[in-house]
Amino acid sequence: MRLYHSPMSIALACRLALTAADIDHEVVIVNSLSGETKREPFLSINPLGEVPTLDADGTIITQTVAILSFAADHGNHGRTDLSPAERAKELSTMIVAAVEVQSCWKMINRPNRYAPGDAAAAEVGAQARIRLDAAYAELERRIGLRDIGGPLTVLDYYVGVLALWKIMAPAGKDLSPTPQLDAVKDRLMNTPKLRQVIDEDIASYTAMMG
Ligand SMILES: N[C@@H](CCC(=O)N[C@@H](CS)C(=O)NCC(=O)O)C(=O)O
């Protein structure tokens, strides 16, 4: 299997899920910061020009939620002990992460894609910051309702990366505290094989940023 990845992108959640499930995979770096994701040859693999993209032995799977669900089905991370309703709730929270949290980050990081000029782009960025705080608060509420202490699930890898973004991105500094999300991130950091992947990603990202 091959995971197309950019360090510290949301594809890190998929890298963690594949690692946790012991799914043999090669990581191919496509630098999203330098625009490599929006150029050939990558566009022929994923016309949306986004990572994560997984080549699962010839089948191309895109979208974090789909790749995480795929990894969960392979490993023991789909929590077969959860009821269908509980599994649907985990999926619902992953969709909130994708639709609410990630899209706000995209508007903050690339406001010019959403507005015609600099003033309008600044306004998009400012509104997205307000929305992002509300989106994280909803994620925090949902994670707080979960039974902690059970085995890690793919939702934990997703949430853990979003908690890391809050710490690492300049715009994250102004956001309200999210102790529940931080606790998930700490659980990942305290799991040696996941910690190794996160440390590698942070080092590659730092090197890429120069
Ligand atoms: N909904 C998509 C969004 C993926 C996404 O936005 N990925 C970013 C990195 S975090 C990306 O590839 N950006 C490249 C670009 O927009 O040019 C998913 O969750 O898979």
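How far is an oxygen atom of the ligand from an N or O atom in the side chain of R113? The distance is 2.8 Å. This is a predicted model, and the ligand sits in its largest pocket.

**Ligand site**
- The ligand is surrounded by 15 residues, and the closest are V51, Q63, T64, K106 and R113.
- The side chain of Q63 has an N or O atom 2.7 Å from a nitrogen atom of the ligand.
- For K106, an N or O atom of the side chain lies 3.0 Å from an oxygen atom of the ligand.
- On its own the ligand exposes 510 Å², and the protein buries 88% of that area.

**Residue Q102**
- Q102 belongs to helix α4, which spans residues 84-109.
- The relative accessible area of Q102 is 18%, so Q102 counts as buried, the cut-off being under 20%.
- Apart from neighbours within four places in sequence, Q102 is in contact with I10, T64, A97, Y158 and W165.
- One of these contacts, T64, is also listed with the closest residues around the ligand.

**Helix α1**
- Helix α1 runs over residues 11-20 and is mostly covered, with 10 of its 10 residues buried.

Definitions and conventions
Residues are numbered from 1 along each chain as its sequence is written. This is a predicted model: local features need pLDDT of at least 70, side-chain atom pairs count only at pLDDT 80 or more; totals for chains, interfaces and linings use all residues. Side-chain values use heavy atoms; hydrogens and water are left out. Helices (H or I, at least four residues) and strands (E, at least two) are DSSP runs, numbered from the N terminus. Buried means under 20% relative accessible area, exposed over 50%, partly exposed in between (1.4 Å probe, protein chains only). Contact means heavy atoms within 4.5 Å. A residue is near a molecule or strand if one of its heavy atoms lies within 4 Å of it. A polar contact is a pair of N or O atoms within 3.5 Å; within protein, one must be able to donate a hydrogen and the other to accept it, and residues adjacent in sequence count only if both atoms are side-chain atoms. Accessible areas come from the Shrake-Rupley method with a 1.4 Å probe; for residues, only the protein chains shown count as cover. On a 1 Å grid over the protein atoms alone, a cavity is a set of points where a 1.4 Å probe fits but cannot get out, and a pocket is an open set with protein on both sides within 12 Å along at least five of seven lines; lining residues have an atom within 4 Å of a point. A molecule sits in a cavity or pocket if more than half of its atoms lie within 2 Å of its grid points.
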